[in-house]
Amino acid sequence: MGGWVVLRVSDLTKGFGSGSNRLEVLKGIDLEIQPGELVALMGPSGCGKSTLLNIIGGLLPAESGEINLKSRSYGLRNPSSVVDDRRNLVGWIFQDFHLLDHLSALDNVAMALEISGVPSKEAEERARDALARVNLSDRMDHIPDQLSGGQQQRVAIARALCMQPRIMLFDEPTSALDLSLIHISAPTRL
């Protein structure tokens with residue numbers, strides 16, 4: 001591939017277990033993603049899609065290989081040593097939404113910004129904007145139990161969008177969404 005690369009994965013490997021029970025999940029994965037490019041990983045359950053996303057997102061170390069994201073290399077590093085990289089560079093949308101049950105939609109989104117050092121007033125403004133982008137302006141004060149599964153998922157999407165990450169990783173992000181909402185656009189900042 002030519003041009004500037006946002007993410008480069010080189011010869012990545014990961015397995016689980018040992019001896020005769022060892023399962024090699026990732027075997028020499030190479031991947032380059034350029035600004036604005038959308039990539040979909042498809043395959044049967046258990047083929048390593050989530051494992052690859054977890055390694056790219058800094059939640060799981062690889063056994064060998066390298067990951068470079070915005071000139072930072074971290075593929076083999078322990079997840080606790082890449083917290084700042086993960087927080088500043090990667091937006092995550094998980095299958096389960098990871099919302100705090102006692103916080104409103106607005107507070108679930110704003111809290112992520114505040115943890116990253118954004119002042120409270122700015123965090124709330126950015127959270128309101130992100131929730132509006134996912135069509136939840138009328139649900140900002142609702143706690144997760146008062147939201148449908150699709151609405152909770154949109155709160156999670158808003159939380160990731162407002163962080164303005166370099167890359168966004170989605171692990172089945174549309175499983176709870178209505179088809180009419182899947183057109184939500186991601187930021188173009190890369």
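**Exercise 1. At what angle do the axes of α4 and α5 cross, and which residues make the contact?**

Solution. The axes of α4 and α5 come within 8 Å and cross at roughly 130°. Such axes are lines fitted to C-alpha atoms, for helices over the stretch in contact, and angles run from 0 to 180 degrees between N-to-C directions. Helices (H or I, at least four residues) and strands (E, at least two) are DSSP runs, numbered from the N terminus. The two helices are therefore oblique to each other; angles under 35 degrees count as roughly parallel, over 145 as roughly antiparallel, 65 to 115 as roughly perpendicular and the rest as oblique. α4 passes α5 in a right-handed crossing, that is, with the near helix turned clockwise from the far one by less than a right angle. On the α4 side the contact is made by Arg 126, Ala 130, Leu 131 and Arg 133, and on the α5 side by Val 155, Ala 158, Leu 161 and Cys 162. Contact means heavy atoms within 4.5 Å.

The model is predicted: local features need pLDDT of at least 70, side-chain atom pairs count only at pLDDT 80 or more, and totals for chains, interfaces and linings use all residues. Residues are numbered from 1 along each chain as its sequence is written, and side-chain values use heavy atoms, with hydrogens and water left out.

**Exercise 2. Characterise the packing of α3 and α4.**

Solution. Helix α3 spans residues 105–115 and helix α4 residues 120–133; their axes come within 8 Å and cross at roughly 130°. That angle makes α3 oblique to α4. The crossing of this pair is right-handed. Among the residues in contact are Ala 105, Leu 106 and Val 109 of α3, and Ser 120, Ala 123 and Leu 131 of α4.

**Exercise 3. Is Arg 159 buried or exposed, and which residues does Arg 159 touch?**

Solution. Arg 159 belongs to helix α5, residues 149–162. Its relative accessible area is 14%, so Arg 159 is buried; buried means under 20% relative accessible area, exposed over 50%, partly exposed in between (1.4 Å probe, protein chains only). Not counting residues up to four places away in sequence, Arg 159 touches Phe 97, His 98, Leu 99, Asn 108, Val 109 and Ala 112. A polar atom of the Arg 159 side chain lies 2.9 Å from the backbone oxygen of His 98.

**Exercise 4. Describe the surroundings of Asp 11.**

Solution. Asp 11 lies in strand β1, residues 7–16. With a relative accessible area of 47%, Asp 11 is partly exposed. Excluding residues up to four places away in sequence, Asp 11 touches Gly 28, Ile 29, Asp 30, Ser 64 and Gly 65. Asp 11 and Leu 31 are 20 residues apart in sequence and 8.8 Å apart in space, C-alpha to C-alpha.

**Exercise 5. Where are Asn 135 and Gln 164 located?**

Solution. Most residues other than glycine have a negative phi. Asn 135, although not a glycine, has a positive phi of about 60°; Asn 135 sits in the loop between α4 and α5 and is partly exposed at 41% relative accessibility. Gln 164, also not a glycine, has a positive phi of about 50°. Gln 164 is found in the loop between α5 and β6 (167–170) and is partly exposed, with a relative accessible area of 38%.

**Exercise 6. How many disulfides does a search of the whole structure find?**

Solution. The search finds zero disulfides, a disulfide being a pair of cysteine sulfur atoms within 2.5 Å. Cys 47 is partly exposed at 34%, whereas Cys 162 counts as buried at 6% relative accessibility.

Conventions
A polar contact is a pair of N or O atoms within 3.5 Å; within protein, one must be able to donate a hydrogen and the other to accept it, and residues adjacent in sequence count only if both atoms are side-chain atoms.
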